[in-house]
Amino acid sequence: MALLEFENVTLNFGGLTVINDLSFKVEEQEIVSLIGPNGAGKSTVLNILTGLYPPGRGVVRFDGRSLAGLRPHQITALGVARTFQTLRIYLNMSVLENVMTGAFCHTRCGPLATILRLPRWRSEEARVRALAEENLAFFGTRLQGYRHNQPAYSLSYANRRRLEIARAMTTGAKFLMLDEPTAGMNPNESAELTELIGRLRDEGGYTTLLIEHDMSVVGTISDRVIALDHGEKIAEGSYDEVTSDPKVIEAYLGRRGRLNP
Amino acid sequence: MEIFLTLLPQTLINGLTLGSVYGLIALGYSMVYGILKLLNFAHGDIYMIGAYLGYGVFIMLFTEAGALIPTALIIVSMLVVAMVGAGVVSVAVERFAYRPLRYAPRIAPLISALGVSFILQNTVQITVSPRPLSYGSGTLIPRDASFDLGDLSVHASRLLVIGTTLVLMLALTYFVRQTRLGRAMRAVSIDLDAAAMMGINVNQVILVTFFLGAVLAGAAGVLVGIVFLSIRHTMGFLAGLKGFTAAVVGGIGSIPGAVAGGLLLGMAESFTSVYISATFKDAVAFIVLVIVLLLKPSGLMGRPLLQKV
Amino acid sequence: MLDDSDQRPPATGEEAPPRIGADEWVAQEATRRRGQTGIGGRIAAVWESIPLTKRFGLVLLLLIFAPVVTGSQPFLDLIGLSNDAFILRIGARFLIFAMLAIGLNVVVGYAGLLDLGYVAFFGIAGYLYAYLSSDFIIIGSMKGIHLPTLVSLPLIVLATASVGRLLGLVSLRLSGDYLAIVTLGFGQVFVQLALTATRVRVPWRTRPIDLTRGPNGINRLDEVSLFGFTFETTLQYYYLFLALLVLIFVAVRHLNYSRIGRAWHSIRDDELAAEAMGTPTNRMKLLAFTVGAAIAAVAGVVDAAWQGNVVPVPRYSVLTLINLYAMVVLGGIGSLSGVVIGAFIFTVLPELLRSITLAGFLFYGAGLIGLLALLRPLRRFAVLLAATVAGGLVVKGLVLLIAPGLDIGGSGSGSFLNRLVQSWLVIPESAKSIGNVVVVLAVLTLLTTILVRHRERLFLPLLALSLYLSAFAWETRLALEPAATRIVIVGTTLVVLMIVRPQGLLGKAEVRVT
């Protein structure tokens with residue numbers, strides 16, 4: 001059974017069809033990239049998946065369970081976490097706190113246990129802190145040591161992107177959705193992040209749905225590529241298959257042209 | 001049932017009068033909020049300033065010997081002085097208390113506005129009087145100056161309120177729709193930074209907005225004094241609160257919405273105090289607000305806000 | 001400039017050469033932003049070197065022993081009071097407001113919910129206590145309900161917190177400013193009902209019933225009694241309040257440094273992201289409302305018992321609300337110690353302003369210190385002061401020459417400072433009505449002065465003129481209307497504070513994406 005299934009999903013916004021009869025699957029421990037020109041509906045797929053947009057027609061199943069009617073935080077608790085194209089970290093919180101917030105959905109201590117600092121609160125808090133530090137350590141030395149207590153607004157753009165991924169990892173999700181994680185990064189940083197996404201799968205056992213414009217990133221790590229245009233799936237397969245598909249080339253470049261690998 | 005019918009016309013007229021006043025105040029709130037996303041809590045006190053300026057003109061022109069000039073002229077000069085004066089005060093408030101905070105955290109201008117409200121109210125209390133000022137019943141407009149419409153008799157002061165409101169609203173609509181500055185206002189309300197980059201003098205537009213809003217509130221202050229015959233320095237708070245409620249109910253940023261919200265609130269209040277109990281007349285505005293916001297979060301005539309993820 | 005690909009940890013030890021763009025520059029960012037220089041900075045540095053728990057302990061000790069000091073004879077002689085009842089009352093009020101400010105801080109500072117109806121919870125708890133602990137409610141032959149505090153307090157806290165939760169439920173669908181207006185309306189409705197619900201008709205009774213006794217409020221409430229001990233004197237209440245404040249402070253601090261506090265902060269910074277990252281934002285917002293209302297309820301109950309009555313205005317009105325916001329904002333939104341300090345300043349300052357003498361010293365003192373700080377170099381300040389004094393004397397001389405009868409001198413009230421200023425000014429007979437005009441003129445000149453602050457030729461003369469007018473306004477009108485003047489000063493403080501330091505004294509500067 002696939003981890004994530006989209007079955008004939010259609011979403012209209014005031015007469016405009018944003019997603020049209022879209023079906024696809026993501027298997028466990030797979031890295032699937034969603035590509036397509038601007039406005040193709042890539043981010044919309046993510047927003048439907050995380051419950052930020054109302055579900056249209058069709059069924060979205062995660063781990064065999066329909067996501068219909070669930071609020072975003074409930075979906076996250078099931079094991080789906082994301083990053084945002086526009087970077088939505090908590091600017092006024094420290095780096096470590098930012099990551100620790102992700103642990104909310106798998107911690108349980110209520111107000112009373114917190115106020116009294118019961119032993120179970122202490123152990124839970126220690127566990128969350130350790131988890132957050134561990135996830136930050138995943139990014140090497142960049143978000144380590146003195147950085148833990150720095151406010152997030154002092155971070156560079158690339159570090160903010162890493163922080164967002166660390167926060168998503170801390171939710172305990174096994175399915176990560178990264179919305180243009182390399183946007184605004186220089187080629188070196190992009191390459192490094194690409195390698196990291198690979199490690200997320202190999203070492204962390206994560207399944208990844210990636211939205212990306214940078215074809216070199218997509219080509220390097222994707223197990224499978226799905227191309228969207230006008231809310232419809234126009235191609236699916238390996239990177240080479242999809243990028244040589246005439247429909248994809250047409251969507252990107254108009255008629256007559258070749259996609260540059 | 002019979003009592004209901006007998007009281008109905010008068011209740012409607014009362015509601016219309018109150019609603020006009022709330023609508024005038026609501027417009028200023030709505031315009032400022034539309035442009036700066038600022039809850040201008042001092043707006044109610046601008047209305048109070050208008051009421052006091054109008055009263056000052058009244059005292060000067062209406063001596064113990066009687067009116068120095070015809071009543072109509074007195075009323076016009078009261079309105080003009082109050083409108084201009086309130087406008088100037090409001091512009092000063094914007095310049096000194098809000099403009100330095102345009103890019104500060106959201107709560108800063110709000111607190112500043114509360115501070116301005118304190119300053120205005122208590123300065124009036126110190127310099128004029130802590131006690132209510134009274135026009136004296138029948139002094140300005142004789143008690144029997146009523147117009148009979150069938151069984152219904154409407155006092156001239158109420159017609160004055162409704163008429164003035166109508167004229168001011170038409171003028172405002174013309175200004176916003178047809179003039180260059182009005183277009184600039186609409187542009188700034190959609191995107192302040194973009195408008196600035198398109199060569200619109202944003203500071204000027206904001207000042208004009210504050211001025212116009214205050215002009216309407218100043219007029220409302222004078223009219224309230226003429227109808228209810230008494231003003232005091234604390235009158236701005238509740239009226240401002242209701243004006244803002246009206247603006248939110250009608251859909252903030254919308255001119256017809258502010259008027260509709262004002263009328264709805266005025267009617268609700270008038271009907272409550274006649275048919276239920278005057279105790280609850282202030283509570284009803286709040287109940288209307290909650291109901292409207294729950295049914296239609298962007299207000300009666302407001303456009304829903306879009307959020308991009 | 002910041003070389004982000006630098007992977008080395010921050011350099012330590014002397015041998016590490018300084019590198020442009022190295023990470024230590026980033027590491028010291030917070031210190032630089034705080035800008036700790038001068039004497040104030042050094043004191044702050046010493047204070048911050050003390051461990052946190054010890055700092056709290058020191059402040060607590062100070063508060064425990066404060067009544068001992070203020071009650072001692074040498075201290076009373078020093079300030080010229082016969083007993084310390086007045087000071088104790090201020091102390092007790094400070095503790096109540098500190099509790100309230102902490103509660104408001106949970107809602108506004110942590111969760112970022114602009115709740116303008118907060119005082120209503122304070123009031124609801126007060127009235128509930130009045131119902132449960134006085135002769136007000138008469139059922140059959142039973143004269144009033146007199147529940148023991150240990151029963152009534154939890155009941156009232158529970159009931160008030162439920163009301164808070166209910167208001168929260170309504171507000172969940174509203175955001176930001178809409179929330180503000182709905183809650184403000186809620187608070188206002190509470191006060192209006194308390195004022196007017198004296199003749200409410202109910203179907204099952206022929207006579208209308210009085211729910212609140214209107215503006216007079218309900219009197220003769222029971223004292224707090226715990227485990228057989230009845231609190232009676234203000235001193236006893238002071239220690240009760242202090243104990244409650246410590247409990248609340250610790251509880252809120254623990255909440256803040258936990259998953260719950262982090263959830264609140266994340267909602268404040270980016271609600272949508274918080275929801276998408278697994279935080280049940282609605283539940284957490286409701287929790288913030290509930291906790292805030294519960295704290296207000298505790299304060300409301302003990303305050304009503306201490307005062308022995310409940311009165312709607314001004315205690316539960318918007319005036320108190322604005323005072324509370326001033327405390328929270330002045331201390332620094334989100335900073336627990338900050339709001340307690342804010343509560344202290346805003347309860348003590350208005351009391352000081354009650355006395356004409358002290359208010360005068362504060363007025364002139366704050367004005368001069370402010371000018372001293374603003375006018376650099378020092379020479380400009382000296383020139384200004386000399387010019388103002390000389391100008392005033394010239395005016396005085398001219399008046400004495402031309403129309404000697406005009407100046408009748410001051411009222412002679414207040415301290416030597418007031419009398420000194422009054423003899424310098426020209427104070428005519430109809431000082432009161434002229435003073436009214438001068439108050440407005442002084443404000444206008446001051447504002448104009450701010451407008452022309454970049455034009456030196458106009459700036460200093462205008463500033464001197466505004467100083468003269470301000471002194472005149474103060475001596476003839478403001479000092480004589482202490483109640484209203486206090487509020488004007490509080491209002492001005494708020495506006496100036498927002499412009500100079502919007503994050504408050506101890507708050508952190510916030511960053512917002514627009």
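## Chain A and chain C

A salt bridge joins C:R262 to A:E125, and the closest N and O atoms of the pair are 2.9 Å apart. This comes from a predicted model. In total, 3 salt bridges are counted between chain A and chain C. The same interface has 12 residue pairs in polar contact, with both residues at pLDDT 80 or more.

Several helices of chain A supply two or more residues each to the side that touches chain C: α2 (72-78), α3 (95-101), α4 (111-116), α5 (119-137), α6 (157-170) and α7 (187-202). The largest share is that of α6(A), with 5 residues. Sorted by class, this side of chain A holds 19 nonpolar, 14 polar and 14 charged residues.

The contact involves 47 residues of chain A and 43 residues of chain C. About 3900 Å² is buried between the two chains, and carbon and sulfur atoms account for 56% of that area.

## Chain C and chain B

Here 48 residues of chain C meet 45 residues of chain B. The buried area is about 4400 Å², with 81% of it from carbon and sulfur atoms. On the chain C side, C:D177, C:Y178 and C:I181 lose the most area to chain B, and together they make up 15% of what that side buries.

Between chain C and chain B, 0 salt bridges are found. Polar contacts amount to 2 residue pairs, both residues being at pLDDT 80 or more.

Which elements of chain C give two or more residues to the side that touches chain B? They are α9 (176-196), α14 (318-331), α19 (431-451) and α21 (482-500). Of these, α9(C) gives the most, with 13 residues. The side of chain C that touches chain B divides into 36 nonpolar, 8 polar and 4 charged residues.

## A helix pair within chain C

Inside chain C, helix α7 (residues 118-132) packs against helix α8 (residues 149-171): their axes come within 9 Å and cross at roughly 145 degrees. The crossing of α7(C) and α8(C) is right-handed.

From α7(C), the residues in contact are C:F121, C:I124, C:A125, C:L128, C:Y129 and C:L132. Their partners in α8(C) are C:T149, C:S152, C:I156, C:A159, C:T160, C:V163, C:G164 and C:L167. By class, this contact has 10 nonpolar and 4 polar residues, and no charged ones.

Terms used. Residues numbered from 1 in each chain as written. Chains lettered and ligands numbered in written order. Predicted model: local features only at pLDDT ≥ 70, side-chain atom pairs only at ≥ 80, totals over all residues. Heavy atoms only, no water. Contact = heavy atoms within 4.5 Å. Buried area = accessible area lost by both parts, 1.4 Å probe. Salt bridge = Lys/Arg side-chain N within 4 Å of Asp/Glu carboxyl O. Polar contact = N/O pair within 3.5 Å; in protein donor to acceptor, adjacent residues only side chain to side chain. Helix = DSSP H or I, 4+ residues; strand = E, 2+ residues; numbered from the N terminus. Nonpolar A, V, L, I, M, F, W, Y, C, P; charged D, E, K, R; others polar. Axes fitted to C-alpha atoms, helices over the stretch in contact; angles between N-to-C directions. Left-handed = near helix turned anticlockwise from the far one by under 90°.
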